[in-house]
Amino acid sequence: QAQLVESGGGLVQAGGSLRLSCAASGRVLSNFGMGWFRQAPGKEREFVAAMSWSGDSTYYADSVKGRFTISRERAKNTVYLQMNSLKPEDTAVYYCAASYRGTPRPSADYWGQGTQVTVSS
């Protein structure tokens with residue numbers, strides 16, 4: 001069982017930056033690949049970024065490539081999503097995700113409760 005808690009969302013102007021954090025319970029990071037998804041109003045949830053279980057590989061949606069970076073800090077059992085050059089179309093609820101000994105793409109085994117990111121133009 002994994003419990004994921006996101007934080008760091010908020011309101012930012014276009015071109016600005018935010019860093020999302022996902023605190024995982026127990027030894028999650030040693031057994032799970034981690035990722036981020038988002039869901040905008042009226043749209044389906046979509047993949048944003050993921051890191052493999054081994055930590056050797058990262059994956060990004062084309063829409064965020066070059067602007068977003070996923071990373072993790074094993075000692076704190078925390079995964080981050082650094083978001084730079086934010087655009088209004090990045091506005092969504094962002095969800096942390098985990099997959100047991102895999103990569104959460106296109107879906108995941110566990111989900112956080114979500115954190116709102118709003119980018120104003």
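Biologist: Before we start, what does buried mean here?
Modeller: A residue is buried when its relative accessible area is under 20%. Please keep in mind that this is a predicted model.

Biologist: Understood. Are C22 and C96 buried or exposed?
Modeller: Both C22 and C96 are buried.

Biologist: What do C22 and C96 form?
Modeller: They form a disulfide, with the sulfur atoms 2.0 Å apart. The search of the whole structure finds one disulfide.

Biologist: Which parts does that pair tie together?
Modeller: C22 belongs to strand β3 and C96 to strand β9, so the link ties together parts that are 74 residues apart in sequence.

Biologist: And is the link left-handed or right-handed?
Modeller: The link of C22 and C96 is left-handed, with -80° about the S-S bond.

Biologist: Let us turn to the sheets. What is the strand order in the open sheet of four strands?
Modeller: The order is β1-β3-β8-β7, and the pairing is antiparallel. The strands at the edges are β1 (4–7) and β7 (68–73); each has a single partner strand, so one side of each is left without a neighbour in the sheet. On average, neighbouring strands of this sheet are turned by 20° against each other, direction ignored.

Biologist: How many bridges hold β1 and β3?
Modeller: Four bridges pair β1 with strand β3 (residues 18–24) in the antiparallel sense. Within that pair, S7 stands opposite S21 in β3.

Biologist: Which residues of β1 are on the covered face?
Modeller: L4 and E6 are on the covered face, while V5 and S7 are on the uncovered one.

Biologist: How many bridges are there between β7 and β8?
Modeller: There are six, again in the antiparallel sense, and β8 spans residues 78–83. T69 stands opposite Q82 in β8.

Biologist: A new topic: where is R38?
Modeller: R38 is in strand β4, residues 32–39. At 5% relative accessibility, R38 counts as buried.

Biologist: Which side chains make polar contacts with the side chain of R38?
Modeller: One is E46, whose side chain makes a polar contact of 2.6 Å with that of R38. Another is Y94, joined to R38 through the side chains by a polar contact of 2.9 Å.

Biologist: What else does R38 touch?
Modeller: Not counting residues up to four places away in sequence, R38 touches several residues, including E44, R45, V48, S63, V64, F68, E89 and D90.

Biologist: Finally, how many residues are in the largest nonpolar core?
Modeller: That core has 33 residues, and those touching the most other members are M34, W36, V48, F68, L81, M83 and Y94.

Biologist: Which elements give two or more residues to this core?
Modeller: They are β3, β4, β5 (46–51), β7, β8, β9 (92–100) and β11 (115–120). V48, F68 and Y94, which are listed among the residues touching the most other core members, are also touched by R38.

Terms used: Residues are numbered from 1 along each chain as its sequence is written. This is a predicted model: local features need pLDDT of at least 70, side-chain atom pairs count only at pLDDT 80 or more; totals for chains, interfaces and linings use all residues. Side-chain values use heavy atoms; hydrogens and water are left out. Two strands pair if DSSP finds at least two bridges between them. Axes are lines fitted to C-alpha atoms, for helices over the stretch in contact, and angles run from 0 to 180 degrees between N-to-C directions. Buried means under 20% relative accessible area, exposed over 50%, partly exposed in between (1.4 Å probe, protein chains only). A polar contact is a pair of N or O atoms within 3.5 Å; within protein, one must be able to donate a hydrogen and the other to accept it, and residues adjacent in sequence count only if both atoms are side-chain atoms. Contact means heavy atoms within 4.5 Å. A nonpolar core is a set of buried Ala, Val, Leu, Ile, Met, Phe, Trp, Tyr and Cys residues joined through side-chain atoms within 4.5 Å. A disulfide is a pair of cysteine sulfur atoms within 2.5 Å.
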